Amino acid sequence: MTETPPDLAPDIATPDVRLCTSADEQAWEKFVGQSAAATFFHRFGWRKVIAEAFGHQPFYLAAVSADEIRGILPLFHIRSLLFGNSLISVPFCVYGGIVAQDEQAAAALADAAMDHARRLGVDYLELRHEQPVLAWPAKSDRYVTFRKAISADSDANLLAIPRKQRAMIRRAMKAELSSYQTTDTDALYSMYSESVRNLGTPVFAKRYFDLLQQQFGDDCETTIVVSDGKPVAGVMSFYFKDQVLPYYGGGTAAARRVSANDFLYWQVMCLAAERGTGVFDYGRSKVGTGSYRFKKHWGFDAEPLNYEYGLVKAAEIPDLSPANPRYSLFIRMWKKLPLAVAQRIGPMIARNLG
């Protein structure tokens with residue numbers, strides 16, 4: 001029996017759960033827009049982006065009563081010889097999982113998801129919840145997210161950043177850096193793929209970035225930082241309701257010398273504040289990593305993420321973390337690849353990472 005947060009309304013009839021098609025996009029998006037718990041990664045557009053970019057089969061479930069959606073759960077089936085067979089909500093995204101108006105809708109979606117998982121014969125079902133939702137095995141000590149309210153006053157935002165990090169931003173401001181916004185993904189992809197290669201991680205195909213821009217339009221924006229006439233850092237950000245989520249970023253070797261990454265995220269924060277955005281979401285990091293420390297230096301508090309698992313064939317929660325010793329040799333080898341080679345063969349591996 002599933003358990004859901006106590007604030008969900010009890011004593012409501014169990015809804016029907018059905019599989020959504022493209023014809024349901026408007027109703028799905030309306031529900032996401034009205035739900036306080038829904039995230040950018042619950043938007044219906046991910047169904048098309050992930051299916052087309054990676055080839056993973058979507059299963060978008062909706063709990064419905066009297067033709068009204070009471071809950072949603074976006075799922076994708078990933079089959080990989082290297083990383084196993086899984087059903088995930090939502091791969092390549094930091095948030096996902098069940099969003100429901102009441103505990104009956106949440107329970108119905110969980111049960112339907114497990115039915116799909118068993119039918120597909122997966123190893124496990126992974127729901128990327130922010131808060132605990134189900135009485136399932138969970139992994140809440142590995143990933144955290146960082147969010148912070150921002151003001152329309154840029155001076156107030158700067159003063160809210162700890163002194164040492166504020167000094168880095170001021171240093172970057174004096175380095176004659178500039179920035180611009182674009183819908184073109186060429187410069188970003190070059191810097192992003194270099195950064196990911198340097199971390200020992202396979203890079204996504206450029207088509208994925210192009211699809212994100214095409215699908216989400218004005219809600220997807222890339223900021224590029226320039227030094228001496230050359231792009232040195234960039235990030236693709238998502239806008240959703242009252243939030244900005246800088247998501248896919250990277251920089252060149254020159255970026256660190258001029259504090260370009262500090263300048264980059266400060267520029268994103270300033271632009272978001274000018275638009276009236278109230279929350280800066282720095283996204284997910286693994287506890288103890290470089291990105292974790294970088295975000296802490298900005299004065300953001302870590303909030304644990306609660307990824308919950310329905311185990312089907314697997315006996316325990318999977319460990320696909322780069323920190324797993326099983327992948328250490330692969331990571332060391334990958335860091336040494338020429339960038340052109342990493343860009344060519346990386347997408348074939350990255351599509352299965354989820």
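Which strand does His77 lie in? His77 sits in strand β3, which runs over residues 68–80. Keep in mind as we look around that this is a predicted model. His77 is buried, because its relative accessible area is 4%, and under 20% counts as buried. Its side chain makes a polar contact with the side chain of Asn85, at 2.7 Å. Leaving out residues up to four places away in sequence, His77 also touches a whole group of others, including His56, Gln57, Phe59, Leu120 and Val122.

The mean pLDDT of the protein is 89, and 94% of its residues reach 70 or more. Among the elements, helix α1 (residues 25–34) has the highest mean pLDDT, 97, while helix α11 (residues 328–335) has the lowest, 72. Then there is the stretch of residues 1–10, where pLDDT stays under 50. Where pLDDT is low, the predicted coordinates should not be read in detail.

Now for the inside. In soluble globular proteins, nonpolar side chains tend to be buried together. Here the largest nonpolar core has 51 residues, and the members touching the most other members are Phe41, Trp46, Tyr208, Phe238 and Tyr248.

What about the cysteines? A disulfide is a covalent bond between the sulfur atoms of two cysteines. A search of the whole structure turns up 0 disulfides. Cys20 can't form one in this model because the closest cysteine sulfur, in Cys93, is 17 Å away, too far for a bond. Cys220 is in no disulfide either, and its nearest cysteine sulfur, again that of Cys93, is 12 Å away. Cys20 counts as buried, at 4% relative accessibility, and Cys220 counts as buried too, at 3%.

Next, follow a couple of helices. Helix α6 covers residues 186–199, and its 14 residues should span 20 Å at 1.5 Å a residue; the end C-alpha atoms are 20 Å apart, so the two agree. Buried residues in α6 include Leu188, Tyr189, Met191 and Tyr192, and Ser193, Glu194 and Arg197 are among the buried ones as well. Just after α6, Gly200 takes a positive phi of about 85°.

Helix α9 has 15 residues (260–274) and reaches 21 Å from first C-alpha to last, close to the 21 Å expected. Of those 15 residues, 13 are buried, so α9 is largely enclosed by the rest of the structure. Just after α9 comes Gly276, with a positive phi of about 85°.

Last stop: Ser154, in helix α4 (residues 154–159). Is Ser154 buried or partly exposed? Ser154 is partly exposed, because its relative accessible area is 34%. Not counting residues up to four places away in sequence, Ser154 touches Trp266 and Cys270. For a sense of distance, Ser154 and Val312 are 158 residues apart in sequence and 50 Å apart in space, C-alpha to C-alpha.

Methods. Residues numbered from 1 in each chain as written. Predicted model: local features only at pLDDT ≥ 70, side-chain atom pairs only at ≥ 80, totals over all residues. Heavy atoms only, no water. Disulfide = S-S within 2.5 Å. Buried < 20%, exposed > 50% of the residue type's maximum accessible area, 1.4 Å probe, protein only. Core = buried A, V, L, I, M, F, W, Y, C linked by side-chain atoms within 4.5 Å. Helix = DSSP H or I, 4+ residues; strand = E, 2+ residues; numbered from the N terminus. Expected span 1.5 Å × (residues − 1). Polar contact = N/O pair within 3.5 Å; in protein donor to acceptor, adjacent residues only side chain to side chain. Contact = heavy atoms within 4.5 Å. pLDDT = per-residue confidence, 0-100.
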